[in-house]
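User: I would like to learn how to read the features of a structure model. Please take me through them step by step.

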Amino acid sequence: MTETFHEFVVHRSPALSRSAYLLTGDHQLAEDLVQTALARTYRHWRRIRDGDPEAYVRRVMYHQQVSWWRRRRLAERLEAEPTERAGGDHTDSTALRLSLTAALRHLTPRQRAVIVLRYYEDHTKSQVADLLGCSVGTVKRHAHDALRRLRAVAPDLIDTAAERSTR
């Protein structure tokens, strides 16, 4: 049991961490979120390992993030400056990342979860509804409200997305 769980953690942790960062907006909170989700998953590993364990972990992550937000135990924090990697000019990608991070900060945790699931992880509306434990109509409403808010607070992201789609 431990070997298969270890293999899962080694192979899927980077993707889970990226999603957690998009949900929390903070590297340390993202690490905490992934660790919490994996700890809860380990307790049920025998039952879920033959199904889709990644979907289970992601569901735990989304629910845990909303739970943290509801209890207001943890304040959302964003880094002022992203960590840069050496080599090359990353000005455009850094500016885009900063704009996206700032824009996501204006969304509620539920809206952020819907946007991450729908547009970053490319899930269908019904898959998002299943993961978040709500109706498809609720997913549509959160997505609509989130996109409207993103258009208002970060019109430069819309322009950038349009430019990239025409390339």
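User: Which residues does Gln 111 touch, not counting residues up to four places away in sequence?

Analyst: First, a caution: this is a predicted model. A contact here means heavy atoms within 4.5 Å. By that rule Gln 111 touches His 142, Asp 145, Ala 146 and Arg 149, leaving aside residues up to four places away in sequence.

User: Where is Gln 111, and is Gln 111 buried or exposed?

Analyst: The cut-off for buried is under 20% relative accessible area. Gln 111 is in helix α6, and its relative accessible area of 7% makes Gln 111 buried.

User: How many of the residues of α6 are buried?

Analyst: Nine of the twelve are buried, so α6 is largely enclosed by the rest of the structure. Besides Gln 111, the buried residues are Pro 109, Arg 112, Ala 113, Val 114, Ile 115, Val 116, Leu 117 and Arg 118.

User: How do I read the packing of α6 and α8, and at what angle do their axes cross?

Analyst: Begin with the axes, then list the residues that meet. The axes of α6 and α8 come within 9 Å and cross at roughly 95 degrees. An angle of 65 to 115 degrees counts as roughly perpendicular, and that is how α6 stands to α8. On the α6 side the contact is made by Arg 110, Gln 111, Val 114, Ile 115 and Tyr 119, and on the α8 side by Val 139, His 142, Ala 143, Asp 145, Ala 146, Leu 147 and Arg 149. By type, the residues of this contact are seven nonpolar, two polar and three charged.

User: Why would several residues of one helix point the same way?

Analyst: An α-helix has 3.6 residues a turn, so residues three or four places apart point the same way.

User: What is the phi of Asp 122, and where is Asp 122?

Analyst: Most residues other than glycine have a negative phi. Asp 122 is not a glycine, yet its phi is positive, about 60 degrees. Asp 122 is in the loop between α6 and α7, and at 64% relative accessibility Asp 122 counts as exposed.

User: How many residues has the largest nonpolar core, and which helix gives the most to this core?

Analyst: Look for the residues with the most contacts inside the core, then ask which elements supply the core. The largest nonpolar core has 37 residues, and Leu 23, Leu 38, Val 57, Met 61 and Leu 132 have the most contacts inside it. Helices α1 to α8 each supply at least two residues of this core, and α1 gives the most, with seven. Domain 1 (1-79) and domain 2 (90-166) both give residues to this core, so the core lies between them. As for Val 57, the residues it touches are Phe 8, Leu 16, Ala 37, Leu 38 and Thr 41, not counting residues up to four places away in sequence.

User: How many helices and strands has the protein chain?

Analyst: The protein chain has nine helices and zero strands. Of its 167 residues, 38% count as buried. Among contacts between residues at least 6 apart in sequence, 66% join residues at least 24 apart.

Key: Residues numbered from 1 in each chain as written. Predicted model: local features only at pLDDT ≥ 70, side-chain atom pairs only at ≥ 80, totals over all residues. Heavy atoms only, no water. Core = buried A, V, L, I, M, F, W, Y, C linked by side-chain atoms within 4.5 Å. Buried < 20%, exposed > 50% of the residue type's maximum accessible area, 1.4 Å probe, protein only. Helix = DSSP H or I, 4+ residues; strand = E, 2+ residues; numbered from the N terminus. Domains from an automatic or database assignment. Axes fitted to C-alpha atoms, helices over the stretch in contact; angles between N-to-C directions. Parallel < 35°, antiparallel > 145°, perpendicular 65-115°, else oblique. Nonpolar A, V, L, I, M, F, W, Y, C, P; charged D, E, K, R; others polar.
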